[in-house]
Structures are given as structure tokens and as C-alpha cells.
Amino acid sequence: MIVPVATLIGIATVKLRGGQFRRLAQLDLRHMWIVWVAIIVQTLIFQIRLSFLTETVVEYVHMGTYVASFLFLWMNRHIPGALLIGLGAGSNAAAIFANGGVMPANANAWEKAGLPVVAEGQFENSNTDTEARLAFLGDIFWIPESWPLSNVFSIGDVVIVLAGTYLAHRVCTQPATSNAWPAPADEPRCELEAPVGVG
């Protein structure tokens, strides 16, 4: 939950630079359905918790949602910040794939965030592991238990939030007359033409 909230806060800072959120609607996002499928699948396996799925199946499905996300990012690499988001997601995916579909979390960070101990045999997308592979890419940072949205997070999460903020600033503050980014439909580019008979 902390990643989307932090990203929204970052996007909100666009207004400090006089940016226009409506420009985000002009993004040429391709195959958006892939993202919605990944979100729905993750909701089913982590929130609704379909009991008929075995732990092994859940692990592979979880990793599959990351593969789908990378496919979406690659097909939208023309979007500013997309590859940087992919870098952050790739960092998380590396840790998850190396640990059987679970993001390894630092035990100290987990405790300071006040997170409950995961029951034996219960699959969670993040869990403590003292023998984790690529542990430095796992959830090693934390928001204290006494703070709102207390949780653990990774360096990959930080990169994703910064990339999302960069994307919003790049798109929402781009001058309408710039060739670097398309202007909204109601803000046509200014094209200068030489007066008739001149030159």
C-alpha cells in the first residue's frame, strides 16, 4: 500500500510546478489490459486468498504477474520513466524469483514496522527470511509502527516511486509548444508560417 500512496504524493507535487494532471490522459499507453489482469490476479491470490490454490501455484502465479508487468512496460518504453519503473520492478522481481515467489523481508525492519508474524504454511507476498538470497534487494526499509501506513519496503519500491514522480513531472509540466511531448488536444501547437510574399 505504501508504494501507490507514496507515488500519488509524488505525482501531487506536479501542482507545485504548475503542472496539469489532465496531460496524463494524453499518454499513449498500449495494452493497458495487461496491468488490470495483473492487479486482479494479485488481488485474488493475496486479498481474497483462493483456498483451492496450492502454495506452489500461488508462487508461480505471483511471479507470472511480474512477467506480465515487464511485458507491459517494454511495450510502453516510449513513455518517460517507463524503463526506470522497469528497473525498480526488476529489482523486486529478482529478489522474489530468487526466493520462491516471496519478497524477503529483514526481520528487524518487519518488527519495527509492527507487522504480524506470518502463520506457518500461509503464503504472503513478503515475509521474513534469515537465509534469503539477494536479501539486499528485499524489504529492508521500514515505516515505524507508530506512523500511518507502517510497512516494509525495498530499494526497488523507492525507484518505482521516484520513477512515477518523474513521469508525472515530465508529462504534466511539458510546455505545450515543445516537440518533446504531445500537447493535449485542446492545446494545439503553435506553428509559425512566413507571411505570403516574404522570402
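A residue is called buried when its relative accessible area is under 20%, exposed when over 50%, and partly exposed in between (1.4 Å probe, protein chains only). By that scale L29, at 40% relative accessibility, is partly exposed. Welcome to a quick tour of a predicted model, in which local features need pLDDT of at least 70, side-chain atom pairs count only at pLDDT 80 or more, and totals for chains, interfaces and linings use all residues. Residues are numbered from 1 along each chain as its sequence is written, and side-chain values use heavy atoms, leaving out hydrogens and water.

**Overall layout**

- You will find six helices and four strands in the chain; these are DSSP runs numbered from the N terminus, with helices being H or I of at least four residues and strands being E of at least two.
- Along the sequence, the elements come in the pattern α-α-α-α-β-α-β-β-β-α.
- Of the 199 residues in the chain, 37% are buried.
- The chain exposes about 12000 Å², and 64% of this comes from carbon and sulfur atoms; the areas come from the Shrake-Rupley method with a 1.4 Å probe, and for residues only the protein chains shown count as cover.
- Taking contacts (heavy atoms within 4.5 Å) between residues at least 6 apart in sequence, 66% join residues at least 24 apart.

**Nonpolar cores**

- A nonpolar core here is a set of buried Ala, Val, Leu, Ile, Met, Phe, Trp, Tyr and Cys residues joined through side-chain atoms within 4.5 Å.
- The largest such core has 10 residues, namely L27, I34, F72, L73, I79, A82, I85, A163, L167 and V171.
- Two or more residues of this core come from each of α3 (55-75), α4 (82-98) and α6 (155-172), and α6 gives the most, with three.
- A second, separate core has seven residues, including M63, Y66, A95 and L137.
- Beyond its neighbours within four places in sequence, I34 is in contact with A68, L71, F72 and M75.

**Helix α6**

- This helix has 18 residues and spans 26 Å from its first C-alpha to its last, close to the 26 Å expected at 1.5 Å a residue; the expected span is 1.5 Å times one less than the number of residues.
- Among the buried residues of α6 are G156, D157, I160, A163, L167, H169 and C172.
- The cover over the buried residues of α6 includes α1, α4, β3 and β4 (152-154).

- H31 counts as partly exposed because its relative accessibility is 42%, and its phi is near 55°, a positive value in a residue other than glycine.
- L29 belongs to a nonpolar surface patch with M32, W36, I39, I40, L44 and I48, which together have about 640 Å² of accessible area.
- Patches are made of residues with over 30% relative accessible area and no salt bridge, where like charges are joined within 9 Å and nonpolar side chains (Val, Leu, Ile, Met, Phe, Trp, Tyr) within 5 Å.
- A salt bridge is a side-chain nitrogen of Lys or Arg within 4 Å of a carboxyl oxygen of Asp or Glu.

**The β2-β3 loop**

- The loop between β2 and β3 holds L134 and F136.
- L134 is partly exposed because its relative accessible area is 36%; its phi, near 50°, is positive in a residue other than glycine.
- F136 is exposed, as its relative accessible area is 55%.
- Although F136 and P104 are 32 residues apart along the chain, their C-alpha atoms are separated by 9.0 Å.
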